[in-house]
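Here is a short briefing for a reader new to this structure. Keep the sequence and the 3D view at hand while reading.

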Amino acid sequence: MPGRSTVAIHADRGIAPSRAVAPPIHQTATFAAEDAEAFARVAVDRRGHDFYTRYGNPNHAQVAAVVAELEHTEAAMVTASGMAALTTAVLGLVSAGDHVIGQKSTYGGTASVLLNLLPRLGISVTQVDQTDLAAFGRALSPRTRLILLESPSNPLLQITDLGAVAGLARAHGALTMADNTFATPVNQRPADVGVDLVWHSATKYLNGHSDVSAGVLAGSAELLDRIWDVALLTGAVLGPFDAWLLLRGLRTLPLRMPRHNANGQALAEALQDHPAVGRVHYPGLTTHPQHVLAAKQMSGFGGVLAVELAAGFEAADAFLGRLRYARRSAGLGGVESLAVHPASMWRGMLSEQQIAESGVPLGLVRLAAGTEDTEDLVADVLAAADSVK
Ligand SMILES: *Cc1c(COP(=O)(O)O)cnc(C)c1O
């Protein structure tokens with residue numbers, strides 16, 4: 001079996017082969033067929049790439065080939081954003097009257113799908129504390145079709161026992177779908193422990209350069225066929241150029257992740273004993289309550305950490321404002337460090353009660369360490385923390 005970097009660079013070689021070393025961009029909305037028979041054939045070729053770009057494009061298929069091999073799944077597909085991957089999959093797999101289980105600590109968009117969109121479609125939802133394995137068992141009902149997992153979770157970096165929940169779900173005939181955005185297949189492979197579907201905001205680490213919005217889904221061909229049928233109708237299609245950029249980003253994912261891991265660990269260790277800091281949430285710290293589980297299912301802990309400033313909201317905002325390298329931005333996963341203070345970002349989005357219910361403390365800053373030199377980032381966060389002491 002070739003290693004991850006070899007896979008990231010060569011797994012797409014057989015798709016739309018060309019003598020051009022860098023794959024051409026198939027900037028076309030549609031494809032021509034030689035004759036009626038060939039046309040009829042490509043029109044029903046699920047996840048094909050020769051009919052109409054909403055149905056598939058060679059640039060999509062190249063990304064999918066690399067992602068499937070990195071995630072150890074039979075197949076993969078691309079969408080226009082991470083949220084398109086989630087909503088398309090959910091619409092493909094559940095119907096009115098079904099029940100879905102999700103986590104309490106989860107990405108904001110996923111939380112809105114669970115809280116607002118699914119109930120409106122007649123799909124009931126239970127959100128559980130992901131650190132409590134038994135809570136997943138208690139939430140299962142005969143109507144449960146799908147369990148949405150996210151580990152580490154955004155922004156609290158809580159860990160889910162992916163293998164244990166996948167086993168529980170399988171025994172009950174339910175599917176599991178894991179958001180692997182924070183870990184990436186370099187640090188964690190949910191399919192290896194039995195998770196049915198893996199999805200990503202490819203906007204983040206997979207692309208890695210903060211210049212593309214994209215999503216991916218990886219799993220069995222049978223499940224992806226069901227989702228692809230819905231993807232044709234939802235139409236959240238990735239542009240060929242964006243798919244080309246995503247493939248270019250994927251080539252260096254296995255090179256970038258070790259630096260993100262090293263920077264995340266170094267920032268977490270540097271900040272955890274600082275007097276201005278109440279607590280650091282990072283699964284690579286031995287003080288993280290789920291460190292043992294994280295170390296069991298992950299080979300690295302990523303570049304994202306959450307820092308609670310001891311003095312609360314104002315201190316968090318001041319800390320963020322003093323950072324020289326990490327800019328105030330909602331993104332993560334790019335080569336440049338970014339930081340966000342959720343409680344101030346949410347001022348216009350959520351009520352005070354909703355902010356309290358999110359479980360995210362007012363003094364929490366999410367730091368996404370880029371691939372800058374470790375010493376520079378450590379010196380910068382320590383200087384910012386000193387300034388708010
Ligand atoms: C950003 C993000 C998403 C949403 O992805 P988009 O590409 O922005 O639609 C989903 N899950 C996690 C963990 C994220 O960080």
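F31 is buried, because its relative accessible area is 17%, under the 20% cut-off. This residue lies in the loop between α1 and α2. The model is predicted.

**Around F31**

- F31 has contacts beyond its neighbours within four places in sequence. They include the aromatic residues F39, F51 and Y52.
- F31 also touches H49, D50, T53, G56, N57 and P58, again leaving aside neighbours within four places in sequence.
- F31 and V42 are eleven residues apart in sequence. Their C-alpha atoms are 9.7 Å apart in space.

**Aromatic rings**

- A pair of aromatic rings is described by two things: the distance of the centres and the angle of the planes.
- The structure holds six aromatic pairs.
- F51 and Y55 form an edge-to-face pair, because their ring planes stand at 75 degrees, over the 60 degrees that this class needs. The ring centres of F51 and Y55 are 5.0 Å apart.
- Y52 and Y55 are edge-to-face too, because their planes are at 80 degrees. Here the ring centres are 6.3 Å apart.
- Ring pairs join F39, F51, Y52, Y55 and W228 into a cluster.
- Y55 is partly exposed, at 22%. Y52 is also partly exposed, at 33%.

**K204**

- UniProt, in an unreviewed entry, lists K204 as a modified residue, N6-(pyridoxal phosphate)lysine.
- K204 sits in the loop between β6 (197-201) and β7 (215-219).
- Its relative accessible area is 12%, so K204 counts as buried.
- Which residues does K204 contact, leaving aside neighbours within four places in sequence? They are T181, L332 and G333.

**H288**

- H288 belongs to the loop between β8 (277-281) and α12 (291-297).
- H288 is buried, because its relative accessible area is 9%.
- Not counting residues up to four places away in sequence, H288 touches L157, I159, Y282 and P283.

**Backbone features**

- Most residues other than glycine have a negative phi, and most peptide bonds are trans. The next points list exceptions.
- The peptide bond from S151 to P152 is cis, with omega near -5 degrees. P152 is in the loop between β4 (144-150) and α7 (162-171).
- The peptide bond from N154 to P155 is cis as well, with omega near 0 degrees. P155 also lies in the loop between β4 and α7.
- A16 is not a glycine, yet its phi is positive, near 50 degrees. A16 is in the loop between α1 (4-10) and α2 (36-43). With a relative accessible area of 24%, A16 is partly exposed.
- H72 is another residue with a positive phi that is not a glycine; the angle is about 60 degrees. H72 is found in the loop between α3 (58-71) and β1 (75-79). At 35% relative accessibility, H72 is partly exposed.

**Helices α4 and α5**

- Helix α4 covers residues 82-93, and helix α5 covers residues 108-120.
- Their axes come within 11 Å and cross at roughly 35 degrees. The crossing is right-handed.
- Which residues of the two helices meet? On the α4 side they are M83, L86, T87 and V90. On the α5 side they are G109, T110, V113, L117 and L118.
- By class, this contact has six nonpolar and three polar residues, and no charged ones.

Notes: Residues numbered from 1 in each chain as written. Predicted model: local features only at pLDDT ≥ 70, side-chain atom pairs only at ≥ 80, totals over all residues. Heavy atoms only, no water. Axes fitted to C-alpha atoms, helices over the stretch in contact; angles between N-to-C directions. Helix = DSSP H or I, 4+ residues; strand = E, 2+ residues; numbered from the N terminus. Left-handed = near helix turned anticlockwise from the far one by under 90°. Contact = heavy atoms within 4.5 Å. Nonpolar A, V, L, I, M, F, W, Y, C, P; charged D, E, K, R; others polar. Phe/Tyr/Trp six-rings, centres within 6.5 Å; stacked < 30°, edge-to-face > 60°. Buried < 20%, exposed > 50% of the residue type's maximum accessible area, 1.4 Å probe, protein only. UniProt positions renumbered as here; feature names shortened; annotations may be inferred.
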